[in-house]
Structures are given as structure tokens and as C-alpha cells.
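Hi,

Here is the structure I promised to pass on.

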Amino acid sequence: MIDLLFPKKYSALCLKSAFFGFFAHTGFVRGLSEIGFKPSIVTGSSSGALIGALYAAGIELSEVERMVLSLKKSDFWEGNSFTQLGRFFKKGWKGYSGVLTGQATRNLLNPYLGGKSFSDLPVHLGIAVSNLTKAKRELITEGNVLDAVMASIAFPFLYEVQTFNNSEFLDGGIGDSEPIKELILDPSIDKIVIHQINNSRPISKSVIKRAFDASVSIIESETEDLKTLLAKEKGKRLIRLETQTPYLSPNDFSLGKFAMAEGRGTAYKNKELILAENQFSLFPFPI
């Protein structure tokens, strides 16, 4: 009878997009596991999609840490300047869309996610992608997990446009760096923990690049405000937590271990907030 009056509610986790943010996300997820937080669903965008997928697939976090910390540029970088220039000429201006095809990255992730479908995962998963063919943001929740991850991490001009299911895709962070809309609208979820990363990315000297980065930040800020308003209307509790990390680039992962430790620390510092239950009155109506 009590379950009919007060249906069980679940928690969710969202890992936001961040440029090479998989170090901090890995640490944060490790910290959540250690403090006892177990989400019923995980959503992620870009680097958050990658770590979210590994977590949802049940990969041991110690193995995820080992893989991430041992990562070198040569593990995902394909060829050299000459081979990349050759690929550019072979594909031509109209066919070339990025420095990396993504095949090396796919090979790196294949032992963990290869052949897995969303329905195989022990934890529900949603991956945000930017569907260029349909010109819309999508949250993929079925089909091949590795395909979805590759689409979500395909940072523009770094990775080629990824193609599957008759559609072209790019980085999920373009359309939605914080994929929580579906979580807010799900009546079974009452708490959403969101991990975002401030990676101290240096300000570009290029006016065009600064304008682009600022435009993205403005759009992200506005949509975040709208999601907050929607969550309030739906009675959902959003817990946005931020980890400050040093800047990481493909050429230098030396501070990755520090970023991972900072992410783990974010979970521990906010343990009480993360684990606190929503307070519901036993008598929701006047008596």
C-alpha cells in the first residue's frame, strides 16, 4: 500500500561534455562508487558519454583508471602529417571532415564496449549526439553502444563526421553538453547529480575562435537556466557539481592523474549533498 501512495524514486547521473575531461569524470565516478551513490541511469555527452558508457557497462573502475592513465597520443592518433595530408588529397575538400577517422579510438575502446548493445548494460544509459542529417540533438538509448560513443566524442575538425544508421553525427556537446531533459521528464527520477568540468582552457588569441567559444558558452548558460526552471516545475532536484582541473591537450596528459584525483575529491566533498534523500511530507495534502 505504501508503494502505491509513495512510488519508489530513483537517482540519475549526468556527465557533461568537456575537452579531454575523461580523467576528471573517471575520478568522479570512482568517488561516487566509494561513497555509495548508485544511479539507476547515466547520461553523458562527449567525454562524459565515454566514461558514462564504461561505467554503465560494468567495467571495473580500476581498469577504467588504468586505461585512462596509460593513454598516450599515439594510442588514438592516426598516422603522421604526411599520411593525413595524403588522406586529405584523397578525399578532397568536400569529403574531408577531420584529422582523425576515429578507427584507432574505436580499436582502443573495442575490448570494453565492442559488440555491446544498450540493452546489454547493467545500468541504463543515454548518450547525447548531434545528428547532422536530421539537424537535431538526440539522446541515443538503443542500438550499438560503441557507435553512439564514437558519435558523441567526435569533436569537430579533430574527428571525422561519424556515420551509422543512415545518419551523420558529430560531438554531443555541440547540441547538448548536459543531457538531462529526458531525466527531468521521467516521473520515476527525483534526483539528478550532474558533473561538470572547468578545464582551465586558455583563451584563444584568435578573435573568431574567442567569438565561437563565447557563443557556445552563452547558449549553454541559457539552456542550463531553462533546464533548471523545468526541473523546478517538475519537482526534480538538480545537484550540479564542478571539478576544476588543469588544461589537458592531446600533446600533454601529464596532469591527468591530478585531474582524476580532483574529480574523486569532488564526490567526497559533496557526499552529504549527493546522498541526502529528498524530504517528502507523509501528508502531502491538508488534513
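Let's start with a pair of helices. Phe22, Phe23, Thr26, Val29, Arg30 and Ser33 in H2 meet Leu61, Ser62, Val64, Glu65, Val68 and Leu69 in H4. By type, the residues of this contact are seven nonpolar, three polar and two charged. Keep in mind that this is a predicted model.

How do the two helices sit relative to each other? The axes of H2 (residues 22-35) and H4 (residues 61-69) come within 10 Å and cross at roughly 165 degrees. Angles over 145 degrees count as roughly antiparallel, so that is what H2 and H4 are to each other. Their crossing is left-handed.

Now for H4 by itself. Its buried residues are Leu61, Val64, Glu65, Met67 and Val68. Looking down the axis of H4, you'll find these buried residues within an arc of 165 degrees, so they line one face of the helix. What covers them? The cover includes H2, along with helix H3 (47-56), helix H7 (103-113) and helix H12 (256-269).

Is Ala154 buried or exposed? Its relative accessibility is 0%, so Ala154 counts as buried. Leaving out residues up to four places away in sequence, Ala154 touches Tyr159, Glu160, Gln162, Leu170 and Asp171. As for Gly256, it lies 102 residues from Ala154 along the chain, and the C-alpha atoms of the two are separated by 20 Å.

Cheers

Methods. Residues numbered from 1 in each chain as written. Predicted model: local features only at pLDDT ≥ 70, side-chain atom pairs only at ≥ 80, totals over all residues. Heavy atoms only, no water. Axes fitted to C-alpha atoms, helices over the stretch in contact; angles between N-to-C directions. Helix = DSSP H or I, 4+ residues; strand = E, 2+ residues; numbered from the N terminus. Parallel < 35°, antiparallel > 145°, perpendicular 65-115°, else oblique. Left-handed = near helix turned anticlockwise from the far one by under 90°. Contact = heavy atoms within 4.5 Å. Nonpolar A, V, L, I, M, F, W, Y, C, P; charged D, E, K, R; others polar. Buried < 20%, exposed > 50% of the residue type's maximum accessible area, 1.4 Å probe, protein only. Arc of directions from axis to C-beta.
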